[in-house]
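Thank you all for coming; I would like to take a few minutes to walk through one model with you. Please have a look at the sequence and the structure first, and then I will go through them piece by piece.

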Amino acid sequence: TVLGIIFAAAAAWQIRRAVGRRVDLLVWKAQKLAKGEAIGPRLGGCDEITGLDCAFHDMAELLAERTADLERYRLLADRTQCLMLFARQDDGRILHANAAALATYGYSLAEICQLTVDQLRSGEIPTAIAEHLTPPSDFSLAYEADQRRSDGSTFPGEVTVEGQLVSGEHVQLSIVRDISERKHAESLVADALGEIGRASCRERV
């Protein structure tokens, strides 16, 4: 009987020691996961600790996938020549801007995030368009509006705006294209057509 008690106590101690090591390993994995670091191989077994470990690994895989998606988006956004602005829909405060937008508007990321999209426009936009920018609203629209750089100079812009609900918050993505060359070409065509019209009138006279 005494031998049985000793054996049972030793077995219980070994179990507690093994469980303790597995719990410590789970804590270590949780800390690694919080830092975005690799958490090592999965634990074997079929107990509750194994279930928690599987959950940690599922979370790590999901985090890695989303991180990769964000990195791909960042790479794409920073390589495009279009100006991209993310803003809160309720007050228009800019949340993020890509490299092209920072270079064109002449602000650092910290500076432009202190502004609203309205402050980057020169003049008012049509009321019919402004009404769509009022939350809550999911929308997609396009319009033209002059844009203002940090030095006060302006350029004509073609703006495409999409509003979406993201993580419970209404946000809008504005994609702005500098259409200075197009406007210049349109002006040249208009001048040429005007000159042709005036010449035609002179010939009739």
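I will speak about confidence, then the sheet, then the nonpolar cores, and finally the salt bridges.

This is a predicted model, in which local features need a pLDDT of at least 70 and side-chain atom pairs count only at pLDDT 80 or more, whereas totals for chains, interfaces and linings use all residues. Residues are numbered from 1 along each chain as its sequence is written, and side-chain values use heavy atoms, with hydrogens and water left out.

On confidence, pLDDT is the predictor's own confidence in each residue, from 0 to 100, and the protein chain averages 78, with 75% of the residues scoring at least 70. Among the elements, which are DSSP runs numbered from the N terminus (helices being H or I of at least four residues, strands E of at least two), the lowest mean pLDDT, 61, belongs to helix H1, residues 2-34, and the highest, 96, to helix H4, residues 109-112.

Let me turn to the sheet. Five strands form an open sheet in the order S2-S1-S5-S4-S3, with antiparallel pairing, where two strands count as paired if DSSP finds at least two bridges between them. Strand S2 (94-97) and strand S3 (139-148) are the edge strands, and because each has a single partner strand, one side of each is left without a neighbour in the sheet. On average, neighbouring strands here are turned by 25° against each other, direction ignored, with axes taken as lines fitted to C-alpha atoms, for helices over the stretch in contact, and angles running from 0 to 180 degrees between N-to-C directions.

S3 pairs with strand S4, residues 154-166, in the antiparallel sense over ten bridges, and one of the bridge partners is Thr160 in S4, which faces Ala142 in that pairing. Phe139 also lies in S3; with a relative accessible area of 9% it is buried, on a scale where buried means under 20%, exposed over 50%, and partly exposed in between, using a 1.4 Å probe and protein chains only. Phe139 and Val161 are 22 residues apart in sequence, yet their C-alpha atoms are 7.8 Å apart in space.

Which residues of the largest nonpolar core touch the most other members? Of its 23 residues, they are Leu83, Leu85, Tyr105, Ile112, Leu120 and Tyr143, a core being a set of buried Ala, Val, Leu, Ile, Met, Phe, Trp, Tyr and Cys residues joined through side-chain atoms within 4.5 Å. Strand S1 (83-88), S2, helix H3 (99-105), S3 and S4 each supply at least two residues of this core. A second, separate core has six residues, including Leu26, Ile39, Leu43 and Ile49.

Finally, the salt bridges, defined as a side-chain nitrogen of Lys or Arg within 4 Å of a carboxyl oxygen of Asp or Glu, come to six. Arg88, partly exposed at 24%, forms one with Asp90, the closest N and O atoms being 3.8 Å apart, and another with Asp91, at 2.8 Å. Asp90 is exposed at 57%, while Asp91 is partly exposed at 40%.

Arg182 forms a salt bridge with Glu144 at 2.6 Å between the closest N and O atoms, and because Arg182 lies in helix H6 (residues 180-204) and Glu144 in strand S3, the pair ties together parts that are 38 residues apart in sequence. Both these residues also belong to a network of salt bridges that links Glu144, Glu158, Arg182 and Lys183.
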